[in-house]
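Let's take a walk through this fold together, from the overall layout down to a few individual side chains. Keep the structure open beside you as you read.

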Amino acid sequence: MLKRSAVIASTLALATLGAATACSSGSSGGSGSAQGGVPTVRLMVGGIDKQIYLPYQLAQNLGFYKKYGVNVVLSTELDGGIGAEDAMASGQVDMAGAWYNHTIDFQVKGKAVEDIVQLSGAPGERIMCANGSGVHSAADFKGKTIGVTDLGSGTDTLVKFLAAQKGLKTGDFTRIGVGAGATVVAALKNHKADCAITTQPTVAALEKKNIAYSAIDLATTTGASGALGGMWPAAGVLARTDWVNSHKDAAQKVVDALVATMHWINTHSAADIADNLPPAFVSNALVTKADYITALTQDKGQFLPDGIMPAGGPKTSLATEILAGNATSSVNLGTTFTNEFVTAANKLEGFTTTTTPAGANG
């Protein structure tokens with residue numbers, strides 16, 4: 001449970017930092033509150049120390065939120081606690097650092113949530129299988145136990161989709177929640193699960209400890225396109241549409257900061273990125289800093305350089321939701337994302353964009 005302790009410590013540190021920043025700016029601390037023109041935004045991340053979610057904290061450490069005039073109070077979801085996307089949907093926080101596909105799930109449930117900046121074009125995950133499991137593709141899931149973050153999570157959807165592609169039904173294999181970090185390592189080491197879907201730096205730790213191997217690559221845009229049938233937008237910033245419409249200035253400032261961060265990531269090495277993250281993120285009980293840098297170098301291709309929702313990405317995500325049994329083709333993709341804020345952010349700094357933007361139909 002060392003990983004859980006580290007995340008809790010990170011949460012407390014981030015909350016303290018956010019409170020100090022809010023006080024120094026004279027903010028009353030409420031959602032979207034502002035004094036002196038500096039709004040405060042509460043953003044919960046779905047595992048802030050995971051490599052797939054590093055841009056949120058990196059933006060803070062680089063001083064980009066402050067540069068673009070917004071006080072962002074970061075927090076992170078905990079194992080067994082409320083998910084970042086659900087905390088956002090219920091109004092506990094203003095924004096969620098979570099996967100795009102949740103906007104589709106919310107629409108199915110009658111809730112209007114949109115993705116306002118897209119940070120990655122791939123899930124950043126790998127299906128790690130225990131040595132001797134004999135699993136090399138989703139077709140081999142039959143009769144096996146597959147670990148996902150939580151039942152009903154985005155990783156659960158991906159596992160069901162990969163299996164369905166190979167003609168398997170959910171009854172053909174078992175899915176269990178194994179969390180993240182140390183609990184994933186323990187599940188595979190102790191044979192509680194034959195495989196588990198997880199991210200860096202846990203992937204590097206499993207390989208270094210010779211516990212498991214990468215059977216399916218969903219960590220890069222190339223790997224995701226091959227396995228999922230196209231670019232699969234994952235990490236982004238999600239917010240309720242009503243909140244975005246009533247806080248457009250605050251939303252724009254957050255997007256400005258994160259678009260600048262994505263360009264910074266694109267023009268800097270994995271070592272540079274690691275040097276600008278909290279030490280506990282890059283060196284802990286699971287990995288050394290050198291391992292973290294190696295892993296990030298390998299999977300850095302998941303990050304989009306300009307924050308644009310890529311053409312075809314929403315359609316690919318919807319296809320996974322449909323095949324996994326979570327949605328139907330009646331979903332209106334045009335209301336699940338917007339490139340409005342990202343376009344303005346890139347124009348503000350004169351950035352050259354390279355990602356082809358998705359149209360209204362995804």
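## Overall layout

The protein chain has 16 helices and 11 strands; helices (H or I, at least four residues) and strands (E, at least two) are DSSP runs, numbered from the N terminus. This is a predicted model, in which local features need pLDDT of at least 70 and side-chain atom pairs count only at pLDDT 80 or more, while totals for chains, interfaces and linings use all residues. Residues are numbered from 1 along each chain as its sequence is written, and side-chain values use heavy atoms, with hydrogens and water left out.

Of the 362 residues in the protein chain, 57% are buried. Here buried means under 20% relative accessible area, exposed over 50%, and partly exposed in between (1.4 Å probe, protein chains only). The protein chain exposes about 13400 Å², with carbon and sulfur atoms supplying 53% of that area; accessible areas come from the Shrake-Rupley method with a 1.4 Å probe, and for residues only the protein chains shown count as cover.

Contact means heavy atoms within 4.5 Å. Among contacts in the protein chain with a separation of 6 or more, 80% are between residues 24 or more positions apart.

| Residue | Element | Relative accessible area |
|---|---|---|
| T157 | helix α6 (residues 154-165) | 3% |
| T198 | strand β9 (residues 195-199) | 4% |
| T316 | helix α15 (residues 313-323) | 9% |

What does T157 contact, leaving aside its neighbours within four places in sequence? The partners are N101, T320, E321, A324 and N326. The C-alpha atoms of T157 and E321 are separated by 6.9 Å, although these residues are 164 residues apart along the chain.

Not counting residues up to four places away in sequence, T198 touches G124, E125, R126, M128, V184, V203 and L206. With that same exclusion, T316 touches L228, G229, G230, M231 and W232.

## Aromatic pairs

Rings of Phe, Tyr and Trp (its six-membered ring) pair if their centres lie within 6.5 Å; planes under 30 degrees apart count as stacked, over 60 as edge-to-face and the rest as tilted. By this rule the count comes to 3 aromatic pairs. One of them is W99 with W232, an edge-to-face pair at 5.3 Å centre to centre with 80° between the planes. This pair links distant parts of the chain, 133 residues apart: W99 is in strand β4 (residues 95-99), and W232 is in the loop between α9 (221-228) and β11 (235-240). W99 is buried, with a relative accessible area of 4%, and W232 is buried at 0%.

F141 and F173 form a tilted pair, 5.9 Å centre to centre with 55° between the planes. F141 lies in the loop between β6 (125-130) and β7 (145-148) and F173 in the loop between α6 and β8 (174-177), so the pair ties together parts that are 32 residues apart in sequence. Both F141 and F173 are buried.

## The two sides of α14

Which residues of helix α14 (residues 289-299) are buried? They are D291, Y292, A295, L296 and D299. Seen down the axis of α14, these buried residues fall within an arc of 130°, so they line one face of the helix; the arc is that of the directions from the helix axis to the C-beta atoms. An α-helix has 3.6 residues a turn, so residues three or four places apart point the same way.

On the other side of α14, A290, T294 and T297 are exposed. The buried residues of α14 pack against α2 (54-61), β6, α8 (202-208), α12 (270-275) and α13 (279-282).
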